[in-house]
Amino acid sequence: MAIRVLIAKPGLDGHDRGAKIVARALRDAGMEIVYTGLHQSPEQIVEAAMQEDVGVIGLSIHSGAHMTLFGKVMDLLDERGVDDVLVFGGGIVPKEDIVALKERGVAEIFTPGTPTTEIIEWVREHAPDRRQP
């Protein structure tokens, strides 16, 4: 069973090149990708993740609202009892915010310039095993 990854662009950020590059790289590596498109609310992202039964959510942001939007996604996952989904992020995120986001439960943050091979390997290593027993 392939790893299912939802790639999402929360908020009003219209810069989606990085998200599309990551989505394509993960797809080319054999993962199933759900891309939500631009301007998604945290509620829409969590609902899509639940409906699509993904094991991984990748959030991409360049607007500077990462603390608010990533935090809201994590809160909604917690409120809905979704504890078996790995969440990572990407974009322009200051180092001190990366620490804070990890404390909120975001597993990893990839900043601009990270090789896609590194992201692929990280997802493969950390994605939850969703195979049925």
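Which strands does helix H3 lie across, and at about what angle does H3 run to S3? H3 lies across S3, S4 and S5, and its direction is at about 160° to that of S3, where axes are lines fitted to C-alpha atoms, for helices over the stretch in contact, and angles run from 0 to 180 degrees between N-to-C directions. Helices (H or I, at least four residues) and strands (E, at least two) are DSSP runs, numbered from the N terminus.

The model is a predicted one, in which local features need pLDDT of at least 70 and side-chain atom pairs count only at pLDDT 80 or more, while totals for chains, interfaces and linings use all residues. Residues are numbered from 1 along each chain as its sequence is written, and side-chain values use heavy atoms, with hydrogens and water left out.

Strands of a sheet pair through backbone hydrogen bonds, either parallel or antiparallel. Here five strands form an open sheet in the order S2-S1-S3-S4-S5, with parallel pairing, and two strands count as paired if DSSP finds at least two bridges between them. At the edges stand S2 (32–35) and S5 (108–110), each of which pairs on one side only, and the twist from one strand to the next averages 20°. S1 (residues 4–8) is joined to S2 by four bridges in the parallel sense, and to S3 by four bridges, also in the parallel sense. Isoleucine 7 has tyrosine 35 as its bridge partner in S2, and isoleucine 7 also stands opposite glycine 58 in S3.

Strand S3 (residues 56–61) is mostly covered, since six of its six residues are buried, that is, under 20% relative accessible area, against over 50% for exposed and partly exposed in between (1.4 Å probe, protein chains only). Both of its faces are covered, with Val56, Gly58 and Ser60 buried on one side and Ile57, Leu59 and Ile61 buried on the other. Six bridges in the parallel sense link S3 to S4 (residues 86–91), and valine 56 has leucine 86 as its bridge partner in S4.

Between these strands comes H3 (residues 66–79), and S3, H3 and S4 make a right-handed β-α-β unit; right-handed here means that, with the strands pointing away from the viewer, the path from the first strand over the helix to the second runs clockwise.

Two other helices pack against H3. The axes of H3 and H4 (residues 95–103) come within 10 Å and cross at roughly 15°, and the two helices are therefore roughly parallel to each other; angles under 35 degrees count as roughly parallel, over 145 as roughly antiparallel, 65 to 115 as roughly perpendicular and the rest as oblique. His66, Met67 and Phe70 in H3 meet Asp97, Ala100 and Leu101 in H4, contact being heavy atoms within 4.5 Å. The axes of H2 (residues 42–52) and H3 come within 9 Å and cross at roughly 45°, which makes H2 oblique to H3. Pro42, Glu43, Ile45 and Val46 of H2 make this contact with Leu69, Lys72, Val73, Leu76 and Leu77 of H3. H2 itself lies across S1, S2 and S3, running at about 160° to S1.

Finally, glycine 91 has its place in strand S4 and is buried, with a relative accessible area of 6%. Leaving aside neighbours within four places in sequence, glycine 91 is in contact with Ile61, His62, Phe110, Thr111 and Pro112. Glycine 91 and proline 112 are 21 residues apart in sequence, yet 6.1 Å apart in space, C-alpha to C-alpha.
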